[in-house]
Amino acid sequence: METNTYIESGILELYVFGKLTATEEREVLQNAAQYPEIKAELTRIEIAFEQYALSRGITPPPGTLTAILRRTGISSAAAAATPQTSGNVFSYLLAALTAISLLAAYYFYNLSNENNNKIIDKTEELTLLRTGCDEVKEINTQLKEEIKIINNIHTHSVLMNATGKYENTAAIAAIHYNVNDKVTWLDVRDLPAPPAGKQYQLWAIVDGKPVDMGVFDLIPDRDTSLQTVPYVAEAQAFAVTIEDIGGVENPTLEEMIVVGSLG
Amino acid sequence: MSNSIQEKKSREQEIVSLLQLQDSKGLVLLYEHYSSALYHIVIRIVRREEVAQEVLQDVFVKIWSQSKSYDVGKGRLFTWMSRIAKNAAIDKTRSKNFKSTNKTDSIENFVGDNISFSNSINVKDSGLRKVVGQLDGKYHEIIDYLYFKDFTQSETSEALGIPLGTVKSRSRLALKALRKLLQNEQFLLPILVILTGL
């Protein structure tokens, strides 16, 4: 049985209000006996409703209690010995002190709750700011690194423009070639995603012959578009072709998308 | 659960065991704590003060004599007693001599939703009244129609102009809202109880 749905249906409230048929009432009592969570909820509803009914009480006319006692055969004298607290000074003081300390406890309890919540809020805020800071720092380091690479006097930057049947596309890429440090970086910022099943392959042209520099992927959502690629000595030009995944030995010339020559 | 609930629970247990031992203190305690709430139930149905007083006496005599048949496992004492009160009041309205004289509903006008005419409100009750007073008007209304006015679900749906299913779901929401209000105050109530115990 889906006890939660049963509880949320409002049937327990109607039970407490006495609005169910005898059959329905038996069902509620059976369910309460079988499922502790239904029983617990029922008790909570009973308590809440009881408080409500007590709060809306209307004092009966005087003399009602006396009449009841008379009818049940209890003498008023016996009833007069009711368990009312006959307080002495000490018990008054004790009660007052207890009340004061409870009020104080309530006050400090609230205060400390409030402060705790504030601390939790601020801690969350701090964590968020810290994370943001770290991200900015990382991007900053990357960008600095790129500037260093591009600004190095030994770095030659080669722009590779769209060519062949791709001439009229916006495809463009760049190579930063450093003979001194024997390193090469590829900038793929403005290459479109390759067709499905295809991959870009980079080539260096040495003495008019293509030298494989490996396949590469575009890495989306990166804050930098630079990636290091193998260094090929004596390169005069660079080109990118679209090949089957994994690359090929010799470039498919009609699938050359960008090309650019050094100096 | 809250202190006030525990306090209530132990008081209830005390009253129940006194009643079942047929100790007269139990009856007096019972009257002190529940007579106003039970009187409200009765007077809203019979609608005449002198009849309500008589029915209330019947109710207490019944509770006293049937206390052994009250089963703690089946629900709370107040739920059991309020059923006795309601049935006694309804039985009264069905009796011959009640019908012949029941032409006015003057009590209805002056009881209505107005709870302020009770002249002996102690501090605990007034604290509780304040809390309950914060309850949304439409929740007061649904409880009032279903419980105190003793309308059926479909009569309530008609009277309030809401779908039948809404009667059920609004009852649930009303009690939920009430519980939330009471929970917020659960720490203050025992303090009020102690203060009034002086």
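# Exercises on a predicted two-chain model

In chain B, the side chains of D144(B) and R44(B) form a salt bridge, with N and O 3.0 Å apart. The model is predicted, and the exercises below start from this pair.

## Exercise 1. The interface of chain A and chain B

Task: Describe the contact between the two chains, giving the residues in contact, the area buried and the salt bridges across the interface.

Solution. 

Step 1. Count residues. On the side of chain A, 59 residues are in contact with 73 residues of chain B.

Step 2. Give the area. About 6,400 Å² is buried between chain A and chain B, and carbon and sulfur atoms give 67% of this. In chain A, the residues that lose the most area to chain B are Y52(A), R56(A) and I58(A), together 12% of what that side buries.

Step 3. Count the polar links. The interface of chain A and chain B holds nine salt bridges, and 22 residue pairs are in polar contact across it, both residues at pLDDT 80 or more.

Step 4. Name the elements. Those of chain A that give two or more residues to the side touching chain B include α1 (3–8), α2 (11–16), α3 (22–34) and α7 (89–151). Helix α4(A) gives the most, with 15 residues.

Step 5. Look at single pairs. E25(A) and R83(B) form a salt bridge whose closest N and O atoms are 2.8 Å apart. Another salt bridge joins the side chains of E50(A) and R76(B), at 2.9 Å from N to O. This second pair runs from helix α4 of chain A to the loop between α3 (49–66) and α4 (77–94) of chain B. E50(A) counts as buried, at 1% relative accessibility, and R76(B) counts as buried at 4%.

## Exercise 2. The surroundings of R172(B)

Task: Work out where R172(B) lies, which residues it contacts and which salt-bridge network it belongs to.

Solution. 

Step 1. R172(B) is in helix α10 (residues 164–184) of chain B. Its relative accessibility is 4%, so R172(B) counts as buried.

Step 2. List the contacts. Leaving aside neighbours within four places in sequence, R172(B) is in contact with I7(A), E8(A), G10(A), E13(A), E41(A), I45(A) and R179(B).

Step 3. Pick out the polar ones. The side chain of R172(B) makes a polar contact of 3.1 Å with the side chain of E8(A) and one of 2.9 Å with that of E13(A).

Step 4. E13(A) and R172(B) form one, with the closest N and O atoms 2.9 Å apart. E13(A) lies in helix α2 of chain A and R172(B) in helix α10 of chain B, so the pair joins two chains. Both E13(A) and R172(B) are buried.

Step 5. Extend to the network. Salt bridges link E8(A), E13(A), E41(A), R44(A), R172(B), K176(B) and R179(B).

## Exercise 3. The sheet of chain A

Task: Give the strand order of the sheet, find its edges, and describe the surroundings of V240(A).

Solution. 

Step 1. Start with the chain. Chain A has seven helices and eight strands, and 37% of its 263 residues count as buried.

Step 2. Order the strands. Eight strands of chain A form an open sheet, β5-β4-β7-β8-β1-β2-β3-β6, with antiparallel pairing. β5 (209–216) and β6 (226–229) each have a single partner strand, so one side of each is left without a neighbour in the sheet. The twist from one strand to the next averages 25°.

Step 3. Strand β3 (residues 183–190) of chain A and β6(A) run antiparallel and are joined by four bridges. T184(A) stands opposite V229(A) in β6(A).

Step 4. Examine V240(A). This residue is in strand β7 (residues 237–244) of chain A and, at 0% relative accessibility, counts as buried. Beyond neighbours within four places in sequence, the contacts of V240(A) include M160(A), Y200(A), F216(A) and I257(A).

Notes:
Residues are numbered from 1 along each chain as its sequence is written. Chains are lettered from A and ligands numbered from 1 in the order in which they are written. This is a predicted model: local features need pLDDT of at least 70, side-chain atom pairs count only at pLDDT 80 or more; totals for chains, interfaces and linings use all residues. Side-chain values use heavy atoms; hydrogens and water are left out. Two strands pair if DSSP finds at least two bridges between them. Axes are lines fitted to C-alpha atoms, for helices over the stretch in contact, and angles run from 0 to 180 degrees between N-to-C directions. Buried means under 20% relative accessible area, exposed over 50%, partly exposed in between (1.4 Å probe, protein chains only). A polar contact is a pair of N or O atoms within 3.5 Å; within protein, one must be able to donate a hydrogen and the other to accept it, and residues adjacent in sequence count only if both atoms are side-chain atoms. Contact means heavy atoms within 4.5 Å. Buried area is the accessible area (1.4 Å probe) that two parts lose on being put together, summed over both. A salt bridge is a side-chain nitrogen of Lys or Arg within 4 Å of a carboxyl oxygen of Asp or Glu.
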